[in-house]
Amino acid sequence: MKFAPSTALAVLIASPAFAVEKAEVLTTYADIAHAGYEDSLTTAQALQSAVEALIADPSPDTLDAARTAWLAARDPYQQTEVFRFGNAIVDDWEGKVNAWPLDEGLMDYVSDDYEGPTDENDYAALNIIANPQVTIAGRDVDASKITPELIADTLNEADGVESNVARGYHAIEFLLWGQDLNGTGPGAGERPYTDYVTGDDCTGGNCDRRGDYLKAATDLLVSDLEEMVSAWGADGDARQTVTVDEDAGITAMLTGMGSLSYGEQAGERMRLGLMLNDPEEEHDCFSDNTHNSHFYDGKGIQNVYLGQYTRVDGSVVRGASLSDLVTEADPALDAEMKARLDTTMAALGDIKAAAEGGFAYDQMLAPGDEKGEALIMGGVDGLIDQTRTIERIVTELALDDVAIEGSDSLDDPNAVFQ
Amino acid sequence: MRHLFLFATLFATPLSAGVPEALDEVILPGFSDFAEATKALSVAAQADCTPEAIEAPWNAAFDAWTQIGDIRIGPSETGALSVAFWPDTRGFTPRVLGNLIEARAEVGTDPEAFAEASIAARGLFALERMIYDADFNAYAPGSYACTLVRTITAELAGQGAALDAGWDGFARVMLSAGEDGNTLYLAPEEATRALYTQLLGSLEFTADSRLGRPLGTFDRPRPTRAEAWRAGRPLRNVLLDADAAVAQARALAGFDLPQTDAALARLHAAADKIDDPSFQNVKDPAARLRVEILQQHVRALSDTIEAELGGALGLTAGFNSQDGD
């Protein structure tokens, strides 16, 4: 009897022996990330070829092909956003490729009613394509040659302003579509192919520099994605970060799912735009591709939970999943999570279907448009509900005392007194 | 066995700890006060729309807001944004207000219709521009802008009343956490955790945004990114918001929080050393340092509450609306 209490205690606190190993779940997670970034890279390389064809021979067809390639490149990329939060290696890098919103006047010409320099940003209308010599924050900048280095080192986030987005998907999107001047009415950006025609037929001015910019920005996107593919490779540091400590890795998975669902997608990207009624407050505002961008963000969250990802070639990466892990702990909680992810995907699917049927996302943002509001809030509500279940999973898996980089919300409760 | 028993009781008590107290002592009276303050502001504006006449009741309404304004659950999940749209990183408020005034838009004359207008033109921060920004505040009685101010205040009073009523209903949801039929909070501790997340989220927002935004970087401070700087409220808001977070923590705890009280006192002492309550002098390294120290005290207060309250109740914060970029 002497040992009874301590034996009882040991039984009480010993971890349940999971048949599903956390290490396997994390391997699946990292494999999905790697595949997602690889797909993002190959589709960006296709975009790179299409952009070169556009610049070599500008025509309605080559412009259309470049736009189609851009749209195709977005779908796999958006499914990787779930890997950002909770993993500083990804989150610190992400701003290079997907920064938004942007003051596009930094790069190229804009309409007359575009706000010039603002309280927040002196360079909102800098127009680097038209101005080879500029001054930024008191420093003379020689922009006579537009190179990936100029964009990366000098223009992007110029003067420390986040909306000075000079690189990444949305910069390229602006160069392919131009501003969407239709407000909350139908239609996307209508940049003519002649913006890339050199010589007398050039429209918008400085067509050669615009082509240089588009080429440099696309090359930069490809090299940025190469970096992330390697970070999730066998010895990559992004993979190491989530696999070195299993509980921290599982927490990173859940942090990524919860932060993207709630603060980022439901809050910043969907509800805020709706409440501002501003058509520029949509994520892919030049191309009117926001419905897909939201849909595939949601899909990425579901992928991580279910441990499966369908690649652009149709093959499937799958393995031990978070769902398996939760099922062992509490099957009802797993069912709740799956059902809520399904509800969200149905709501995001409704937005996508409506947009593809001709009711674009920016039209849904119009003041007093009840149909649009109901569609968007359906997605918001689904995302908020699924966040609550993600919190329950954190509690159920007893991960709540794991400190995680990149989330203040799942912080270390045992912080010392200061 | 004695230790085991103690272990069990420690974890048995806190399940729904403090939710009724936090609601009854802080949150519900807070929303009631805000409703009254916005009503008083609207009454004042209908009598006299000029900036001089509405400045004091606007500040009183903002003071009331700080006591419950950072909560983002229940009716406040969506409702808070249209009361206080900040930060306005892309200059929506001046643009939308300017467009309304230039077009003499009809929506700006009708409080009911105005509830459908962009949040950038509604609430406390739109009024701050109308009262304090020289680009907007020179309007005459009888002008469109005067009518617009009356509309904004009336619509804000409507929001205040709606939040107050909404919270009376939502309080019942929180209080019935874990009961059959409550699909939002499946266990009592989920309601406790939700409130706990809110107060830590408020302190995080104060440190990162209310203080972090004007601080910018050492090379590039950003004084005009301070919250309500035109009204001279940045420091006041930091202190009132911190006081409110601590009041919520105390009510939630139901026991003394001496470490937290001490941390709050240190925060106030650090604030006393700040010369410019608008943080407009953060370009001066000495002034900047004092704001940085205040920011450290806000973070220290948050850590203290996590240890003293969260630790005792076995609570960890959930996701909050600031998570993300």
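## Helix pairs and domains

Helices α3(A) and α10(A) are roughly parallel to each other, because their angle is under 35 degrees. Their contact joins A:Arg74, A:Asp75 and A:Gln78 of α3(A) to A:Asn292, A:Ser293, A:Tyr296, A:Asp297 and A:Gly300 of α10(A); contact means C-beta atoms, placed from the backbone, within 7 Å. By class, it has 1 nonpolar, 4 polar and 3 charged residues. Here Ala, Val, Leu, Ile, Met, Phe, Trp, Tyr, Cys and Pro count as nonpolar, Asp, Glu, Lys and Arg as charged, and the others, including Gly, as polar.

This is a predicted model, in which local features need pLDDT of at least 70 and side-chain atom pairs pLDDT 80 or more, while totals for chains, interfaces and linings use all residues. Residues are numbered from 1 along each chain as its sequence is written, with chains lettered from A and ligands numbered from 1 in the order written.

Helices are DSSP runs (H or I, at least four residues), numbered from the N terminus. Axes are fitted to C-alpha atoms over the stretch in contact, with angles of 0 to 180 degrees between N-to-C directions.

| Helix pair | Axes come within | Crossing angle |
|---|---|---|
| α3 (60-78) and α10 (290-306), chain A | 8 Å | roughly 30° |
| α10 (234-253) and α12 (285-313), chain B | 11 Å | roughly 5° |

So α10(B) is roughly parallel to α12(B) too. By class, their contact has 10 nonpolar, no polar and no charged residues.

Now to the domains: an automatic or database assignment divides chain B into domain 1 (16-175) and domain 2 (188-313).

Methods:
Helix = DSSP H or I, 4+ residues; strand = E, 2+ residues; numbered from the N terminus. Parallel < 35°, antiparallel > 145°, perpendicular 65-115°, else oblique. Contact = placed C-beta atoms within 7 Å.
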